[in-house]
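Work through the following exercises with the sequence and the coordinates open. Each task is followed by a solution in steps.

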Amino acid sequence: MAAKSTGRTRAGRPTQAEAAKLGERIRRAALDVFLDRGFDGTTMEAVAQAAEVSKRTLYGKYPDKRALFLAVVQWAMARQQHEEPAVDSTPDDLGEALLAIARSTLARAVDPDLVRLSRIAMTEAVRFPEFARGAQSLTWSPRIQTIMDVLRRHAEQGTVAVDDPEIAAEQFLAMVAAVPARLAAFGVTRPPEVEERHLRHAVSLFLHGVLARPDERR
């Protein structure tokens with residue numbers, strides 16, 4: 001009779017799937033503890049208890065609290081809780097495409113957990129200079145690239161005229177998310193209908209700046 005699989009490798013070592021689940025559980029637990037207590041108030045013991053693992057297991061993955069904090073913040077900020085629409089799935093209409101991206105960007109900018117995490121990251125930025133170097137790639141770069149791709153697609157069709165798609169994309173994000181993110185950092189959120197009105201105004205204003213004039217159209 002064939003031996004029944006236990007789902008573990010020889011010598012009782014966890015499988016890759018089990019190890020991945022364990023890592024996810026530790027990161028999620030650590031994130032909750034850091035958000036609740038801040039960096040200084042968090043201990044490795046508290047994280048181990050929250051993750052329901054031994055301190056030996058936790059230290060086996062992260063040598064100290066600093067390493068754990070860096071890993072958790074980068075993981076949390078990189079998670080696509082509000083995924084950007086793929087370029088090939090955005091509406092053909094430029095205004096509707098920008099509005100879809102704007103809504104996704106706004107949702108992430110005011111997400112309560114991400115706002116709290118950003119506060120901690122900014123507070124600890126001097127102690128962790130890695131944040132300053134990685135913030136652009138972890139937060140804005142994917143969105144900038146999405147907008148650039150949309151603008152280039154429409155430029156090829158002759159409907160927009162943009163000299164520098166990257167600068168235009170940065171300015172669009174600032175129009176959409178800068179004020180809501182700033183307000184959220186102070187615990188202030190605007191009603192959804194107000195945010196929607198602001199989003200539509202930002203998209204309209206941006207379109208007036210990038211749409212090709214008749215003499216520029218192909």
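**Exercise 1.** Classify Glu 52 as buried or exposed, then state where Glu 52 lies and what its phi angle is near.

Solution. The model is predicted, and the values below are computed from it.
- Step 1: the relative accessible area of Glu 52 is 69%. The cut-off for exposed is over 50%, so Glu 52 is exposed.
- Step 2: Glu 52 sits in the loop that runs between helix 2 (44-51) and helix 3 (55-61).
- Step 3: phi of Glu 52 is near 60°, which is a positive value in a residue other than glycine.

**Exercise 2.** Classify Ala 184 as buried or exposed, and list its contacts beyond the neighbours within four places in sequence.

Solution.
- Step 1: Ala 184 belongs to helix 8 (residues 165-185).
- Step 2: its relative accessible area is 6%. Buried means under 20%, so Ala 184 is buried.
- Step 3: with neighbours within four places in sequence set aside, Ala 184 is in contact with Ala 109, Val 110, Val 115 and Arg 119.
- Step 4: for Ala 109, the C-alpha separation from Ala 184 is 8.0 Å, although the two are 75 residues apart along the chain.

**Exercise 3.** Compare the span of helix 6 (residues 112-123) with the expected one, and name its buried residues.

Solution.
- Step 1: helix 6 has 12 residues, and at 1.5 Å a residue the expected span is 16 Å.
- Step 2: from first C-alpha to last, helix 6 reaches 17 Å, close to that expectation.
- Step 3: the buried residues in helix 6 are Leu 114, Val 115, Leu 117, Ile 120 and Ala 121. Val 115 is also one of the contacts of Ala 184.

**Exercise 4.** Describe how helix 1 (residues 16-41) and helix 4 (residues 65-78) pack.

Solution.
- Step 1: the angle is about 105°, and the axes are 9 Å apart.
- Step 2: angles of 65 to 115 degrees count as roughly perpendicular, so helix 1 and helix 4 are roughly perpendicular to each other.
- Step 3: residues of helix 1 in the contact include Ala 30, Leu 31 and Phe 34, and those of helix 4 include Leu 68, Phe 69 and Trp 75.
- Step 4: by class, the contact residues are nine nonpolar, no polar and six charged.

**Exercise 5.** How many helices and strands does the protein have, and what percentage of its residues is buried?

Solution.
- Step 1: there are nine helices and zero strands.
- Step 2: of the 218 residues, 39% are buried.
- Step 3: among contacts between residues at least 6 apart in sequence, 72% join residues at least 24 apart.

Key:
Residues are numbered from 1 along each chain as its sequence is written. This is a predicted model: local features need pLDDT of at least 70, side-chain atom pairs count only at pLDDT 80 or more; totals for chains, interfaces and linings use all residues. Side-chain values use heavy atoms; hydrogens and water are left out. Axes are lines fitted to C-alpha atoms, for helices over the stretch in contact, and angles run from 0 to 180 degrees between N-to-C directions. Helices (H or I, at least four residues) and strands (E, at least two) are DSSP runs, numbered from the N terminus. Angles under 35 degrees count as roughly parallel, over 145 as roughly antiparallel, 65 to 115 as roughly perpendicular and the rest as oblique. Contact means heavy atoms within 4.5 Å. Ala, Val, Leu, Ile, Met, Phe, Trp, Tyr, Cys and Pro count as nonpolar, Asp, Glu, Lys and Arg as charged, and the others, Gly among them, as polar. Buried means under 20% relative accessible area, exposed over 50%, partly exposed in between (1.4 Å probe, protein chains only). The expected span of a helix is 1.5 Å times one less than its number of residues.
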